[in-house]
Amino acid sequence: MPVTIKSEDELNLMRKAGQLLAQVHEELHDALRPGISTLELDSIGEEAIRKRGGVPNCKDYEGYPASVCISVNDEVVHGIPKAEVILKEGDIVSLDTGLIYKGFHSDAARTWGVGKISPEAQKLIDITQQSFFEGIKYAKAGNRLYDISKAIDSYIKPHGYGIVRELTGHGIGKELHEEPYIPNFRQFFKRGITLRPGMTLCVEPMITMGKRKIAFLDDEWTVVTLDGSLAAHYENTIAIRPEGEPEILTIIN
Ligand code: MF3
Ligand code: CO
């Protein structure tokens, strides 16, 4: 499927889908505390989506069983919420969720600490978030797609963290995953498509404290670091504008 360009009317629906999702993430963050199960968090997320008129876009996606992907500590992405997984002080937890509103998708992820966490874990979370902002500085009309990838890679590299390669960011719109796919590491000898106004993209660095290699658990969803090191994930849906820096649709404005 080709890369889609959204009209201003379509963008307005994407904006709405994004703002609702930002509110859902706030509710999830407010609910986060030691002692809560990941299944309870998923219910809070699903309810927060539905009461705003959204439909969770993770639920039943390729058979995924929940509305919020919840990944704890060495889990990178796509962890499955469970009643037995009780968050405890010192954990880090990635919440990745999205919704459909009037036919348009939004998608965003945050990693939070549960209670007091180690300075090293906090740094991983902060650097992962910042790498998103470094990347999207290049998400401008006329630039090339992999300028974003290179900026994320260049920012992460000096910290010695791993950048997950098997999963990427993506276009988004009437589908959750559209072209183009957006790697978080530098591409050699190719620059990717030229960015145009009206493109809507999910930029989502997945960063590990140790080596970048991942494995899948037997549930066929949960992605973990092979070396057991902590991982963080940060994602927003953005729109390329005619001029200047992109609009971030999934942060409350
Ligand atoms: N929002 C995540 C993504 O962009 C997860 C999609 S839903 C899942 O890939 F079912 F794949 F978990
Ligand atoms: Co995504």
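This is a predicted model: local features need pLDDT of at least 70, side-chain atom pairs count only at pLDDT 80 or more; totals for chains, interfaces and linings use all residues.
I went on to the oxygen atoms of ligand 1. An N or O atom in the side chain of Asp107 is 2.8 Å from an oxygen atom of the ligand. His170 also has a side-chain N or O atom by an oxygen atom of ligand 1, here at 3.1 Å. The protein covers 95% of the 330 Å² of accessible area that ligand 1 has on its own.

**Entry: the surroundings of ligand 1**

Which pocket does ligand 1 sit in? I find ligand 1 in the largest pocket. Then I listed what surrounds ligand 1: Cys58, Tyr61, Tyr64, Cys69, His78, Asp96, Asp107, His170, Leu176, His177, Glu204 and Trp221. Asp96, Asp107 and His170, which I had already noted, are among them.

**Entry: helix H3**

Next I checked the length of helix H3, residues 119-136. At 1.5 Å a residue, its 18 residues should span 26 Å. I find its end C-alpha atoms 26 Å apart, which agrees.

Which residues of H3 are buried? I wrote down Ala121, Leu124, Ile125, Ile127 and Thr128.

**Entry: a cis peptide bond**

I looked at the peptide bond from Glu179 to Pro180, and it is cis, with omega near 5°. Where is Pro180 placed? I traced Pro180 to strand E8, which covers residues 178-182.

**Entry: positive phi at Asp60**

Asp60 is not a glycine, yet I find a positive phi of about 70° there. I place Asp60 in the loop between strand E1 (55-56) and strand E2 (68-72). Is Asp60 buried or exposed? Its relative accessibility is 61%, and exposed means over 50%, so I put Asp60 down as exposed.

**Entry: positive phi at Glu220**

Glu220 got an entry as well. It has a positive phi of about 70° although it is not a glycine. The loop that holds Glu220 runs between strand E11 (214-216) and strand E12 (223-225). Why does Glu220 count as exposed? Its relative accessibility is 67%, so I put it down as exposed.

How values were computed: Residues are numbered from 1 along each chain as its sequence is written. Chains are lettered from A and ligands numbered from 1 in the order in which they are written. Side-chain values use heavy atoms; hydrogens and water are left out. Helices (H or I, at least four residues) and strands (E, at least two) are DSSP runs, numbered from the N terminus. The expected span of a helix is 1.5 Å times one less than its number of residues. Buried means under 20% relative accessible area, exposed over 50%, partly exposed in between (1.4 Å probe, protein chains only). A residue is near a molecule or strand if one of its heavy atoms lies within 4 Å of it. A polar contact is a pair of N or O atoms within 3.5 Å; within protein, one must be able to donate a hydrogen and the other to accept it, and residues adjacent in sequence count only if both atoms are side-chain atoms. Accessible areas come from the Shrake-Rupley method with a 1.4 Å probe; for residues, only the protein chains shown count as cover. On a 1 Å grid over the protein atoms alone, a cavity is a set of points where a 1.4 Å probe fits but cannot get out, and a pocket is an open set with protein on both sides within 12 Å along at least five of seven lines; lining residues have an atom within 4 Å of a point. A molecule sits in a cavity or pocket if more than half of its atoms lie within 2 Å of its grid points.
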